[in-house]
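The following note sets out a number of points for the attention of a colleague reading this entry. Each point may be checked against the structure as displayed.

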Amino acid sequence: MPHHTVSPSSCLPRHYSNPKADHERVYGPSERAILSRAAFDEAMAEIGAWPGYAPTPLRSLPGLAREAGIDRVWYKDESTRFALGSFKALGGAYAVLRLLAREVTARVPGVPVTALDLVVGRYAQVTRTLTVATATDGNHGRSVAWGAQVFGCNCVVYVPSVCTPGRRAAIEAYGARVVVVDGPYDDAVRRAAADAAEQGWFVVSDTSYTGYMDVPRDVMQGYTVMVEEAITQLPASERPTHVFVQGGVGALPAAVCGHLWESWGRQRPRFVVVEPHNADCLYQSAIAGRPARSQGDLDTVMAGLACGEVSLLAWAILERGADDFLTIPDDGAIIAMRKLAGGKSAGSGQGGRPLVGGESGVAGLAGLLCAAAHEEVRMALGLVPDARVLVFGTEGATDPEVYERIVGSSPEMVAEGLISAAGR
Ligand SMILES: Cc1ncc(COP(=O)(O)O)c(C=O)c1O
């Protein structure tokens, strides 16, 4: 964990302008087969009725906009999303619900199955016999485990060996069995798929691969609830000119890109995908012009982005929908976390109340700050003084121990504005 003073100017991003980007292309049937307004309406009606649902705040960060030399920065703050503190609550749990509803309907034909039916255990004799399995580097597994607990089935979650004890415990807290796989995230994906096939379990993965598309499509569609909230919350007269979104397997950036593309067509903002230097599968795919593996070793503090292979469904949207691909060093995320925690404090803060953003959660913002601090990248991305940028703060302190080590204060202290000087 670097303790030296770091600034965006010491974090040089790599930038690749996507030659396949097609801003004129209409959102057509091949895109709509993945994400669509109709499927969004279903997801919104469902998730919007869950207890505890509330849109997360969209915050304006004037201090960071000034620092980046642009007009506006909006930060969609997912740190309060249900009890999970990350946008992933919208995806995995929704996919578990859809899967269980399908399976119950197949066994008890004729009656539509609602979320409430499952929550109150009306079909418990069926759901109790079903097991969902997934791989995760933290947040997705927590969402699937939560969904399994709420909707009444069993759950097994595979984590890579680098998954921290805090993240493992958070999954177990929802009653799931956690299996540690000796290898990176992509090995955990394969092990989950193999064990599920052998045991007759259902895979609820956030990444898609050949022959496995339906569930990851539901996961991505769940994420679009967050995007629609942001559209509603943005001032109508001030649409963003740019969106910076972090990617792991790419489901998140694809959900944001697809929903904005379908909603705003050619008027959609310039779309920038941000990844860690060491986990750059989307960046490498853009260069190769087809799905490609990361060239880095996946060693990054941005745990949720430590993925070596892209989701095929996500790539199908990003291939033409993403305008730019950026990669950043870990220090970029660390700086962004500290700046958000700094709030109004002179010289280090974002110009508002202190905000708690986790390592993967701040990566889009970090990409913006790193790009803005380097003239060549800044120009290449068109970050002119009247640029307005939307970023998604996709998690709060989902591992409080890691957070405190990086920021120097606990998430609670930051939220209360009691930040220690050591943290900055
Ligand atoms: C907080 C956070 N942000 C972003 C992502 C990236 O999402 P995706 O892998 O769908 O690209 C993840 C994935 O785990 C995450 O946990």
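1. E103 is located in helix 4, which covers residues 92–107. The model under discussion is a predicted one. Is E103 buried or exposed? Its relative accessible area is 18%, and E103 therefore counts as buried, the limit being under 20%. Leaving aside residues up to four places away in sequence, the contacts of E103 are with L130 and F202.

2. K339 belongs to helix 14, residues 330–342, and its relative accessibility is 10%. With the cut-off at under 20%, K339 is therefore classed as buried. Which residues does K339 touch, if those up to four places away in sequence are not counted? They are P8, L64, E67, S348, G349, Q350 and L369. As for distance along the chain, K339 and G289 are 50 residues apart, and their C-alpha atoms are separated by 36 Å.

3. Backbone geometry calls for comment at F82. This residue is not a glycine, yet its phi is positive, at about 45°. F82 is placed in the loop between strand 3 (72–77) and helix 4. With a relative accessible area of 14%, F82 is buried.

4. L298 is found in the loop that runs between helix 12 (281–288) and helix 13 (312–321). Is the side of the matter concerning accessibility one of a buried or an exposed residue for L298? L298 counts as buried, at 16% relative accessibility.

5. The division of the protein is as follows. Domain 1 comprises 8–87 + 216–423, and domain 2 comprises 92–205. Between the C-alpha centres of domain 1 and domain 2 the distance is 26 Å. To the contact, domain 1 contributes 27 residues and domain 2 contributes 24 residues.

6. How much area is buried between domain 1 and domain 2? The value is about 2,100 Å², and carbon and sulfur atoms give 54% of it. On the side of domain 1, W50, L84 and D218 supply 30% of the area buried against domain 2, which is more than any other three residues.

7. Five salt bridges are found between domain 1 and domain 2, and eleven residue pairs are in polar contact across the interface, both residues of each pair being at pLDDT 80 or more. Separately, R190 forms a salt bridge with E309, in which the closest N and O atoms are 3.3 Å apart.

8. Helix 2 gives the most, with five residues. By residue class, the side of domain 1 that touches domain 2 divides into 15 nonpolar, five polar and seven charged residues.

How values were computed. Residues are numbered from 1 along each chain as its sequence is written. This is a predicted model: local features need pLDDT of at least 70, side-chain atom pairs count only at pLDDT 80 or more; totals for chains, interfaces and linings use all residues. Side-chain values use heavy atoms; hydrogens and water are left out. Domain bounds come from an automatic or database domain assignment. Contact means heavy atoms within 4.5 Å. Buried area is the accessible area (1.4 Å probe) that two parts lose on being put together, summed over both. A salt bridge is a side-chain nitrogen of Lys or Arg within 4 Å of a carboxyl oxygen of Asp or Glu. A polar contact is a pair of N or O atoms within 3.5 Å; within protein, one must be able to donate a hydrogen and the other to accept it, and residues adjacent in sequence count only if both atoms are side-chain atoms. Helices (H or I, at least four residues) and strands (E, at least two) are DSSP runs, numbered from the N terminus. Ala, Val, Leu, Ile, Met, Phe, Trp, Tyr, Cys and Pro count as nonpolar, Asp, Glu, Lys and Arg as charged, and the others, Gly among them, as polar. Buried means under 20% relative accessible area, exposed over 50%, partly exposed in between (1.4 Å probe, protein chains only).
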